[in-house]
Amino acid sequence: MQASKAIRISILLSLGIFLAACGGQPATRADDSSDLGGQDAPGASQTGLGDQASGELDEFGSAGRRGGRPDELIIYFEFDKSQILGRYDNLLTQHALYLAANSQTRVRLEGHTDERGTREYNIGLGERRAQAVRQILMIQGVAAGQITTVSFGEERPVRAGSNESAYTRNRRVEIVY
Amino acid sequence: MRKFLVHLLGATLLGGFAASAQAQLTIEITAGVDQAMPIAVVPLAWQGGLTRPPLDVAAVIAADLSNSGRFDAMDPRDMLEKPFDQQGIDFEDWRLLGLEAIVVGRLLPQSDGNYVIQFELFDLFKQRRLLGFRLPSTGAGLRAAAHRISDLIYEKLTGIKGAFATRIAFITVQGQGSARRYRLVVADADGANHNIIVESPEPLMSPAWAPDGDRIAYVSFESNKSAIYIQELSTGRRLRASAREGVNGAPAFSPDGRKLALTLSRDSGNLDIYVLNLANQVLTRITRNPAIDTEATWSADGSKIFFTSDRSGGPQIYSADADGGNKRRITYEGNYNGRSRLTPDGKEMAVVHNDQGAFRIARVNPENGNLLVLTDGQLDESPSFSPNGETIIYATRVNGRGILATVSIDGRIQRRIAAQEGDVREPAWSPYPDF
């Protein structure tokens, strides 16, 4: 199990290097990242990896693009929740620093939910998630005018299927530059 | 001669089916009443000589009655005789076949190219004529005319007003990624006659009928953010009713058709319910709460608005006066009750209820909140009442695909409405048409 985690981290690392080497826009769409993420749902892999592994990933993000835009563009949520998990503190700080330093850059926060619950209520939940990310960015110096939010509720899943691994992928806010 | 005509009829039906097979919805009764009434709907005698009848009107009527779950319509191939009036009916023979009622009639072409349907309904035991009508129709209107006849027969035999001459709006989704297509479709209540009203690569949601049966409000993300449109079916004309900052969602026409309840977040990022006067565009705020307030629906007299709110923690149904005053919590059973709809008489409500982890359609008494789960799916949602209040159409999942299903208000009659491909969701049953 430890070995497979290590392999996955190294795949992510080489992927990041590949994207950085391309020099263009990193893959910003959730569709792409979910395809590359393998079998495990991000929430599940997060609990498996523990804090230390998560720290390494963050370190790579800042090391690879010092002072630049973080590569990680998706914040995942727990079921029916809009609280931002502590593991995203560093990442959101990096986004905030980047946006605060580049006041002409705009970002769109797209809130999504899994398919459980009613559709219009889920629009509300997706909006709440996008607003939660917005608040954290603004507290750290990003101007309100740089941020727009939109909620797609459960209407734009990145992964089909009525199972926990699909649900975990679909409960998200996408940070779209 | 009769054989020849039957053959021609068969060919017509087959041709018609093949042409529209892809769009067809097929209805399957999964639970009916124990004693569905056996009825014979005899193919209408065709008075047009060697030309083909434009539609097998009796087949449409027979399918309507059978699909209701309350009738068992006889296969015409089992009929020994095909009478078209009272003189031709051997009441004893039909009774011996176990039948209780019979429909006979004729389809008469007119010199102006239109038609007259003449039909009669008989009680086979009392040997009594229960109904007899002549109904003029254009060729294109024959299917609608057949549904009206189904309504008359259904009401005469059950005492319940029929809802066959109505329509259903729903959303379909096909394809993945950039090839994904969202469509708003309007079809007859029997699944025939598909018309794509809107098509978009971005999500379409929440279709809602105006009481005139000619306008539909819906949410579209075609500009990459939500906006509410109102589209007129007869002309295809549409107007953008709301594209305010933030969320524009959950439209619901008032019973007089002049106002639209809707959900907006505006600049606050928090969802509240408003009422938009469509004539003067005046916006009235109904809720002011940091909770998610959404999914408004009106009482039949327009005096109250019911809505979903998670102000107490999880989503529950609340009511308010139409000016926003007098808010009251309706549901208490379970941790998730959302997206309520009321029967036209306002005495019953349908909601989406979390039943130990499964989302199911439940019936709620809007006075005391008493709740009864009606369906047994895992992800049942979007209940909508037929205009006679007898049947709830909703969306469910079977083998990972979204399909429509119906359940009678007493839970006894259940049907699945399967589509050929793609996901089907968010059904909305039309009001009665104006004849």
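**View 1. Chain A, element by element.** Chain A of this predicted model has 6 helices and 4 strands (DSSP runs numbered from the N terminus: helices are H or I with at least four residues, strands are E with at least two). Starting at the N terminus, the order in chain A is α-α-α-β-α-β-α-β-α-β.

View 2. Of the 177 residues in chain A, 48% are buried, meaning under 20% relative accessible area with a 1.4 Å probe, protein chains only. Chain A exposes about 8,100 Å², and 54% of that comes from carbon and sulfur atoms (Shrake-Rupley areas, 1.4 Å probe). Take the contacts in chain A with a separation of 6 or more: 76% are between residues 24 or more positions apart (contact: heavy atoms within 4.5 Å).

**View 3. The open sheet in chain B.** Here 4 strands line up as 15-16-17-18 with antiparallel pairing; two strands pair if DSSP finds at least two bridges between them. Strand 15 (248-253) and strand 18 (283-285) of chain B sit at the edges with a single partner strand each, so one side of each lacks a neighbour in the sheet. From one strand to the next, the twist averages 30° (axes are lines fitted to C-alpha atoms; angles run from 0 to 180 degrees between N-to-C directions).

**View 4. Strands 15 and 16 of chain B.** Strand 15 pairs with strand 16 (residues 259-264) in the antiparallel sense over 4 bridges. Look for B:Gly249, which stands opposite B:Thr263 in strand 16.

**Notes.** Residues are numbered from 1 along each chain as its sequence is written, chains are lettered from A and ligands numbered from 1 in the order written. Local features need pLDDT of at least 70 and side-chain atom pairs pLDDT 80 or more, while totals for chains, interfaces and linings use all residues; side-chain values use heavy atoms, leaving out hydrogens and water.

Technical notes:
Buried means under 20% relative accessible area, exposed over 50%, partly exposed in between (1.4 Å probe, protein chains only).
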